[in-house]
Amino acid sequence: MPPQIASAITLAFIVWLLARDRALAKDCSRSLWLPVIWLGIIGSRPVTSWLGMVPANADSEGSPYDRLVYIILMVSAFVVLQQRKVSWPDFFAKNKWVFLLLIYYGISTLWADDPFVSFKRWVKEIGNVLMVLIVLTEENPANAVKRLLFRCAVLLIPTSILLIRYYPDLGRYYNPFIWTYSYGGVTTDKNALGMTLYVCTIGLYWGIFDLWKKRSEHGKEVAAYFILMAMCVWLFTQAHSSTALGCSIICAGLLSAMRIAGLRNALQRAGMSGLIVFTLIALLLNVVFNPVQDVVEGLGRNMTLTGRTDIWREALKIKIDPLIGTGYFSFWQSQRAVDVSTALGFFFTIKEAHDGYLEVYLNSGLIGLGLLCVVLLSSVKKIISTLAMDDSYTTFRLAVVVGVMFYNVTESAFSGLVLLWVMLLLVVMEYPQALQSNAEPEPETDLGDDTQAA
């Protein structure tokens, strides 16, 4: 099939999918498209890369045109939130640990190798929060999250297949780790594609669970979900991202298990203490029977996790301040990255630790790592305490947090313009809904009209 015809078919399919979304988005405002665009960009590649204006891998300061796009989106989001009369003090108080972590990230830019570049990167964290808050202040936040993830899947999944099948110059890249080509789809890296697939897959899986009981009324919408899910499965076979696939299975299993009232109530009664005991037992069983090795090898990897353990070893040899680290997004932006790459015998320079916890330690030290752990553990504790409510959004939040914790063992996704990091912020942050319901109606504007269906 000629690429032009394939492109036309893909576009028509996307339009059909968005029409299906419209039937489910009656309580969502047009403003929800702002976070959709934000996630769509960071879940694929920069705007200037799409336009062919700069190479996909820009320099450390990035492109000024991309910065302009982010600024426009951030300003637009802030205007919407002002129209919604958001109570910023209450929002900060409700999410104090998250904001302490983000503020510390910002302070750590002061001792970065290039404070100005580090600060510019940190500013985008504000954009992440603004986009999350738009979703949380929708009339129905749970449905807004569903619509956000569905729209991202609609835009990113069919386009990835189109690029891989008909535009290989855009859909694949040379992978220096395996000395051959890998598929990136809408992204520029197979692991980035894996992350996008992971986020879309758990969103689709959650949506199918909730929509299935309404299948007689929304048959076309259910079909749209299943078609996109099948596309995700095919793309997983092309991406070969074991971490994303494994975490998708974990999240799907957890979402399924939490549909059983007995398991859900048992987990709530066990609480954090039960989880800690379960973790210790699992570690003990692994020491005795070593099932982790079987799982890792079953995913096509070895116990070095495709060289990741070597990267961790060499990165930890670099001298840094263990308490405060090297500064936000700073460790890999200097000679340190060259030193680690040279020690590993690479002819290219690596740019991440392939472990989110180690990445935070290298950049923000034990203080940053400690704050991150508090955010994760306090969020899990809070979510578990509400499991008995039999709310699918609560179980989805738990699945996302648990999945992110596993994902960051072999990939880095705890800061910056990273799709999974925004997803984590989306499920751990909260907005006092009582304040929202008491707020005055918004004026009718293109961006902020909450009475207008998307």
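Leaving aside its neighbours within four places in sequence, which residues is Phe329 in contact with? The close-ups below, all taken from a predicted model, begin with that one.

**View 1. Phe329 and its contacts from elsewhere in the sequence.** Here is the answer: Phe329 is in contact with Arg121, Asn363, Ser415 and Gly416, once neighbours within four places in sequence are set aside. Phe329 itself sits in the loop between α15 (308–317) and α16 (335–343). With a relative accessible area of 29%, Phe329 counts as partly exposed, because that value falls between the 20% and 50% cut-offs. Another residue to look for in this view is Ser118: 211 residues separate Ser118 from Phe329 in sequence, yet their C-alpha atoms are 6.1 Å apart in space.

**View 2. Helix α6 and what covers it.** Follow helix α6 from residue 96 to residue 107. Val98, Phe99, Leu101, Leu102, Tyr104, Tyr105 and Gly106 are buried in α6. Among the elements covering these buried residues are α5 (88–94), α7 (115–136), α17 (356–384) and α19 (419–428).

**View 3. A nonpolar patch on the surface.** Met1, Ile5 and Ile9 make up this patch, and together they have about 310 Å² of accessible area. Met1 belongs to the segment before α1 (3–24). Its relative accessible area is 57%, so Met1 is classed as exposed, the cut-off being over 50%.

Notes
Residues are numbered from 1 along each chain as its sequence is written. This is a predicted model: local features need pLDDT of at least 70, side-chain atom pairs count only at pLDDT 80 or more; totals for chains, interfaces and linings use all residues. Side-chain values use heavy atoms; hydrogens and water are left out. Helices (H or I, at least four residues) and strands (E, at least two) are DSSP runs, numbered from the N terminus. The expected span of a helix is 1.5 Å times one less than its number of residues. Buried means under 20% relative accessible area, exposed over 50%, partly exposed in between (1.4 Å probe, protein chains only). Contact means heavy atoms within 4.5 Å. Patches are made of residues with over 30% relative accessible area and no salt bridge: like charges are joined within 9 Å, nonpolar side chains (Val, Leu, Ile, Met, Phe, Trp, Tyr) within 5 Å. Accessible areas come from the Shrake-Rupley method with a 1.4 Å probe; for residues, only the protein chains shown count as cover. A salt bridge is a side-chain nitrogen of Lys or Arg within 4 Å of a carboxyl oxygen of Asp or Glu.
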